[in-house]
Amino acid sequence: MTAINTRPVRETRIDVGAGAAPRQYVGAGAAPRQYVAAAAAPGDSLLRFALRADATLCAGVGLLVAMAADPLSRLSGLSATSGWIGGAALVIYGAALFAAAGLPDIRRVGVGVLAGNVVFAILVAVVLAAGWLPLTELGVVTTIAFTVATVGFAYVQYLGVRRLA
């Protein structure tokens, strides 16, 4: 079976011999092997990498914040409950983003996450400038550092989306 595409894709071969478990091959082969087109479009690796790196950082930071909510609350100025809720939300977001990075239509996912990261950075800047949260100096610094990392991921995601256009 041969897949018909409008652009070239990398091909792998799957051994479909009698009763054997399928094995992937690359290179010349015998008659019982079939070609299967790769699922990933060429050029989307930067966007997938940026989304997975963003997801990993969010989930990791969220797990750390959720597990250490009580000691971090004394350092940041927020309550332990708000720290735990924020950490849990980051873990859920990271897991969902990591799963979404594997979807076939990665450009749409990338544009949505890019827009969300930009909106998040703007909202954090407004909240910090207005002083709406009782953050300590360390709380403000860590919030700014996390927001700078978010903007950095947004930039790499922008480059990945542009590469697909």
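This is a short walk through one protein model, from its overall layout to a few of its residues.

Hello everyone, and thanks for coming. Before the details, a word on the source: this is a predicted model, in which local features need pLDDT of at least 70, side-chain atom pairs count only at pLDDT 80 or more, and totals for chains, interfaces and linings use all residues. Residues are numbered from 1 along each chain as its sequence is written, and side-chain values use heavy atoms, with hydrogens and water left out.

Let's start with the layout. The protein has 5 helices and 3 strands; here helices (H or I, at least four residues) and strands (E, at least two) are DSSP runs, numbered from the N terminus. Reading from the N terminus, the order is β-β-β-α-α-α-α-α. Of the 165 residues, 24% are buried. By that I mean under 20% relative accessible area, with exposed being over 50% and partly exposed in between, using a 1.4 Å probe and protein chains only. The accessible surface comes to about 10400 Å², and carbon and sulfur atoms own 70% of that; the areas come from the Shrake-Rupley method with a 1.4 Å probe, and for residues only the protein chains shown count as cover. As for contacts (heavy atoms within 4.5 Å), take those with a separation of 6 or more: 67% of them join residues 24 or more positions apart.

You will find Asp 54 in helix α1, residues 45–67. A salt bridge here is a side-chain nitrogen of Lys or Arg within 4 Å of a carboxyl oxygen of Asp or Glu. And what does Asp 54 touch, once we set aside residues up to four places away in sequence? The partners are Tyr 93, Leu 97, Val 113, Asn 117, Phe 153 and Gln 157.

How many salt bridges does the model have by that rule? The count is 3. One joins Asp 44 to Arg 48, with the closest N and O atoms 2.8 Å apart. Asp 44 is buried at a relative accessible area of 4%, and Arg 48 is buried too, at 10%. Another pairs Asp 70 with Arg 74 at 3.0 Å, N to O. These two sit 4 residues apart in helix α2, residues 69–76, so about one helical turn separates Asp 70 from Arg 74. Asp 70 is partly exposed at 44% relative accessibility, while Arg 74 is exposed at 60%. Then there is Asp 105 with Arg 108, whose closest N and O atoms are 3.4 Å apart. Asp 105 is partly exposed at 40%, and Arg 108 is exposed at 65%.

On to the aromatics. The structure holds 1 aromatic pair. It is made by Phe 120 and Phe 146: the ring centres are 6.2 Å apart and the planes stand at 90°, so the pair is edge-to-face. The rule is that rings of Phe, Tyr and Trp (its six-membered ring) pair if their centres lie within 6.5 Å, with planes under 30 degrees apart called stacked, over 60 edge-to-face, and the rest tilted. Phe 120 belongs to helix α4 and Phe 146 to helix α5, residues 137–164, so this pair links parts of the chain 26 residues apart. Phe 120 is partly exposed, at 35% relative accessibility.

Next, the surface. Val 118, Ile 122, Val 126 and Trp 132 form a nonpolar patch with about 410 Å² of accessible area together. Patches take residues with over 30% relative accessible area and no salt bridge, joining like charges within 9 Å and nonpolar side chains (Val, Leu, Ile, Met, Phe, Trp, Tyr) within 5 Å. Ile 122 lies in helix α4, residues 106–130.

Last stop, Arg 163 in helix α5. Arg 163 is partly exposed at 49% relative accessibility. Arg 163 and Leu 47 are 116 residues apart in sequence, yet 8.4 Å apart in space, C-alpha to C-alpha. Beyond its neighbours within four places, Arg 163 contacts Gly 43, Ser 45 and Leu 46.
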